[in-house]
Amino acid sequence: MWRLLREGLRGQQGWTRAWSKATPRPRYRVLIVGGGGHGLSTAFHLASEHGIRDVAVLERGPIGLGNVGRNTTIIRSNYFHPDNIRFYELSLTLWERLERRLNFNAMVSQRGTLNLFHTEAQRDLFTRRANQMRLLGVDAEAVDTSGIRRLVPLADLDNGRYPVLGGFLQRRGGTVRHDAVAWGYARAASAAGVDIIEHCEVTGLRISGSRVSGVETPGGFIAADTVCLAVAGHSSHLAAMAGLKLPIESHVLQAFVSEPVKPLLDVVLTYGAGHFYISQSDKGGLVFGGAIDGYNTYAQRGTLPMAEEVAAAAMTLLPPLARLKVLRQWGGVMDMSMDGSPIISKTPIEGLVLNGGWCYGGFKAIPAGGLTTAHLIAHGAPHPAAAHLDLGRFAAGRTVDERGVGPFPYLH
């Protein structure tokens, strides 16, 4: 606090850089393309756990302006597929000790995640998921309507269209400040010896025989033994530079923030009758979103029909929100895989590693995604928690279809 006051009086001249502004060297052992959450987390784990510090993270813009800063900040591990539960539970466990590990305030808030259901069929489905979580040692508890009223007094549980019958609560779920995640990982990776190179777009991948040898940038060629693609919605675009066609489509996902209000929602709330989720930020704004727009795009904006759908769900579940103004809206480019689960894998190009296909789960998976990708790079073999996320599963028919809707990315 005293440092803040002193620097304010001195014109903010005494601060040092959170991470070094590196100049690219001609060659690295590992190049990570993408300075978002997964790229920075991978670099941090390579340096801190595997002793691999000859690493550079290449980001085409400033750190924090990609998908890592374009989400609704939710963390949870309440999945259905056993392997996905284990993976996201690993991530949630890492979130719980992230601030101490990075020595950085990421504002991890385990306020709980409450999923509502509206039909007996949904009750059965949610009960199966909760039981599967409990069998694997993950917290999940049933909440009846009286409990929901205590947790969310503003919710209209008896509305005529979609009455709420109950819900399931994961108390260890919650939110994390997305900007702080990017800054914390960037600072920690830089302190461990990683080069963070901003404003360095990758314009091509150089392939020598069957192996990747480096990347092309506007500043010239950078050689590497291993290149890792961690570029979220642009995974297909970058992979195409190496002649690969990925089982991924890019869609936009919108999010919204209301004007700030006094505290009225202290859990993360999801609506079972529509794809809608909402929480309240530390500044008082209500942060909410819905489903992806159903068309392919790289645009970081949304459409009015989806905004209307999200607003309708918000007002059905929480009618008082009708009186609030929406301050801002944004879109993130989602890399939707064919089975709705991510990809952490080697590729047919030797030395080229992929971290992508995150669908809706990218932010909550940042700690585990980086840890398991770093393990894959360091050891040449998948981490046990991510072995089911290999690229070869699509050809072999071992898909991890969390929702059971088939090879239709826009439905996951």
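What is the volume of the largest cavity? The largest cavity holds about 80 Å³. That value, like the others here, comes from a predicted model.

## The largest cavity

The count of cavities of 30 Å³ or more comes to 2. Nine names make up the lining of the largest cavity: Phe44, His45, Leu94, Arg97, Leu98, Arg101, Leu102, Tyr185 and Pro367. Two elements, α2 (37-49) and α4 (98-102), each give two or more residues to this lining. The largest share comes from α4, with 3 residues.

What is the make-up of this lining by class? The lining of the largest cavity has 6 nonpolar, 1 polar and 2 charged residues.

## The second largest cavity

The second largest cavity has about 60 Å³ of space. Its lining is formed by Asn78, Asn115, Phe126, Arg129, Ala130, Met133, Ala140, Phe168, Leu169 and Gln170. Here the elements giving two or more residues are α5 (120-135) and β6 (166-170). Helix α5 gives the most, with 4 residues.

By class, the lining of the second largest cavity splits into 6 nonpolar, 3 polar and 1 charged.

## The second largest pocket

Turn now from cavities to a pocket. The second largest pocket contains about 470 Å³ of space. How many residues line the second largest pocket? The lining has 25 residues. Those nearest the centre of the pocket are Arg177, His178, Ser281, Asp282 and Val287.

Four elements supply at least two lining residues each: α7 (178-191), β12 (248-258), β14 (276-280) and β16 (326-337). Strand β16 has the largest share, 3 residues. The lining of this pocket divides into 7 nonpolar, 11 polar and 7 charged residues.

The surface carries a nonpolar patch of about 430 Å². Trp2, Leu5 and Leu9 make this patch. Trp2 sits in helix α1, which spans residues 2-9.

Is Trp2 buried or exposed? Trp2 has a relative accessible area of 67%, so Trp2 is exposed. The cut-off for exposed is over 50%. A patch residue needs over 30% relative accessible area, and Trp2, at 67%, has that.

Notes. Residues numbered from 1 in each chain as written. Predicted model: local features only at pLDDT ≥ 70, side-chain atom pairs only at ≥ 80, totals over all residues. Heavy atoms only, no water. Patch = residues over 30% accessible without salt bridge, like charges linked within 9 Å, V, L, I, M, F, W, Y side chains within 5 Å. Areas by Shrake-Rupley, 256 points an atom, 1.4 Å probe, with all protein chains shown as cover. Salt bridge = Lys/Arg side-chain N within 4 Å of Asp/Glu carboxyl O. Buried < 20%, exposed > 50% of the residue type's maximum accessible area, 1.4 Å probe, protein only. 1 Å grid on protein atoms, 1.4 Å probe; cavity = no way out; pocket = protein on both sides within 12 Å on 5 of 7 lines; lining within 4 Å. Points joined across faces, edges and corners; volume = space filled by probe spheres on them. Nonpolar A, V, L, I, M, F, W, Y, C, P; charged D, E, K, R; others polar.
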